[in-house]
Amino acid sequence: MNEIIAQTLRDFSLDDYRPIIARDLDLGDVLSPRAGNLVKVIVGMRRSGKSYRLFQEMDAVHKSGVPWSRICYFNFEDDRLYPVTSVTGDEVMHAFYSMHPEAIEEGAYFFFDELQEMDAWGAWLRRIVDTKKATIYVSGSSSQMLSSEISTEFRGRAIDFELLPCSFRESLRFGEYRELPDETGFFSLEDSVRLERAFASYLERGGFPSVQALPFPQSVLLLQSYVQRVVARDVIERHDVRRARVVSALSRRILESNARTVSVRKIENDFRSAGLSTSRELLGDLLSYFEQAYLVFQVRELSRSLSESSTAPPKVYAIDPGLALANSRASVNDEGQRLENAVYLELRRRSVGFRRDEISSMRTRTHGYEIDFVRGDAISSEAYELYQVSVSVEDERTRERELRALWEAMEEHGLDRSVLIVGRGDSATYEQNGMRIDQIPAWKWLLRDEG
């Protein structure tokens, strides 16, 4: 028996990680152990809270009546185990069953953390799924677990759940709001003031769990270290990229471009002018690697979102507004960018059960007015929800600009309602020709159960 693995299993106690702050990601009903079970996979960027979401599920399983002797948690991101291979996984199984032989017949609940550290993890996990009476949860820090290996190895017998850093609602649980005030739309003046202040802090600090209790200067340093680790492990090392300076420079450029369009051609020209040798092909590949590592997401216009050959530059959105700010030069990543970023991420959270490419931007056909976010069918270019985002519409010209884009888009797509989300300002309603626009303060919209 591998003594390091055995000792790790013996030493683990969920009590060491309490309190476990609840996350809203719903993993569905707990399946009874059996061979050939559906595997539930939590994917997301490193340090987003995947381990604690596994802990939350373990706690729920135990409270349902399952003894700890049938529950196994193991983190494969342990430098004492490297290189992690299928043999490592077999040693984990052997050690656990040796300690708890009753789990063989009664069925076990396995929680495998950062399993992508194992070479050929997909083939190993499929063997375990096929041969063990078990319920299995897996976490991983690369979307390659979702897009390639899961679909290849499991052929419909695994389901992925994307965990982003904490939403505004979740971040409140780390502070004074362990339970939120009335979410039906009524907030006292005191609650409104406190929540507005908390939201302003959220746009600066972001939602990564470990930064919530830190002083702001320390949170900046920690968020910078997160990007450095993702770049080193999930981009340079995983994809064997030789030009580390280009990768680092591009990661900074992309995060500074949060909520803005990104032109690979322009970045190539800028880098070459600065004496940094690169190519458009390499930059395009790196942008894809950043997305696979959940550092950023790309959003294209609705009519072009399915076109692989489209030359229209996409908008990029960081995995977290605080992370984007911490890794940008002073005054580059402004409030408007981070507000739009927070809205995009919330729309993505609310798109569970739908295609993740359903969130697009759009320009109206008549005058080319820009709509920040559209939820719709990219195949038919059909829009069914429109969202416009603005820091403030107190200035009449700004308000008119945002409203006219929504009016025109609604008319073109036959919609009678849309949403204007404002960083600062009150709720309001605008009506015209049987159409309605609801203006909602961002902090209120983010606390709603649905968009």
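Let me begin with burial: a residue is called buried under 20% relative accessible area, exposed over 50%, and partly exposed in between, with a 1.4 Å probe and protein chains only. What you see is a predicted model, in which local features need pLDDT of at least 70 and side-chain atom pairs count only at pLDDT 80 or more, while totals for chains, interfaces and linings use all residues. Residues are numbered from 1 along each chain as its sequence is written, and side-chain values use heavy atoms, with hydrogens and water left out.

I will start with the sheet. Helices (H or I, at least four residues) and strands (E, at least two) are DSSP runs numbered from the N terminus, and two strands pair if DSSP finds at least two bridges between them. On that basis, five strands form an open sheet with parallel pairing, in the order β2-β3-β4-β1-β5. The edges are held by β2 (71-75) and β5 (158-162), each with a single partner strand, so one side of each is left without a neighbour in the sheet. From one strand to the next the twist averages 15°, where axes are lines fitted to C-alpha atoms, for helices over the stretch in contact, and angles run from 0 to 180 degrees between N-to-C directions. Strand β1 (residues 39-43) pairs with β5 in the parallel sense over five bridges, and V41 has D160 as its bridge partner in β5.

Turning to the helices, α3 lies across β2 and β3 and runs at about 140° to β3. The axes of α3 and helix α1 (residues 3-11) come within 9 Å and cross at roughly 55°. That makes α1 oblique to α3, given that angles under 35 degrees count as roughly parallel, over 145 as roughly antiparallel, 65 to 115 as roughly perpendicular and the rest as oblique. The contact (heavy atoms within 4.5 Å) is made by I5, A6, L9 and R10 of α1 and by T88, E91, V92, A95, F96 and M99 of α3.

Now to the charged pairs. With a salt bridge taken as a side-chain nitrogen of Lys or Arg within 4 Å of a carboxyl oxygen of Asp or Glu, the structure holds 44 of them. In one, E114 pairs with K50, the closest N and O atoms being 3.6 Å apart. Since E114 lies in the loop between β3 (108-113) and α5 (121-131) and K50 in helix α2 (residues 50-63), the pair ties together parts that are 64 residues apart in sequence. E114 counts as buried at 6% relative accessibility, and K50 counts as buried at 3%.

Within helix α9 (residues 216-237), R233 and E237 lie four residues apart, about one turn of the helix, and their side chains meet in a salt bridge at 3.4 Å, N to O. Here R233 counts as buried at 16% relative accessibility, whereas E237 counts as exposed at 53%.

Which residue does E358 meet in a salt bridge? The partner is R375, at 3.4 Å, N to O; E358 lies in the loop between α14 (335-349) and β9 (359-363) and R375 in strand β10 (residues 370-377), so the pair ties together parts that are 17 residues apart in sequence. Both E358 and R375 are buried. Finally, salt bridges that share partners join R46, E77, E117, R229, R233, D234, E237 and R238 into one network.
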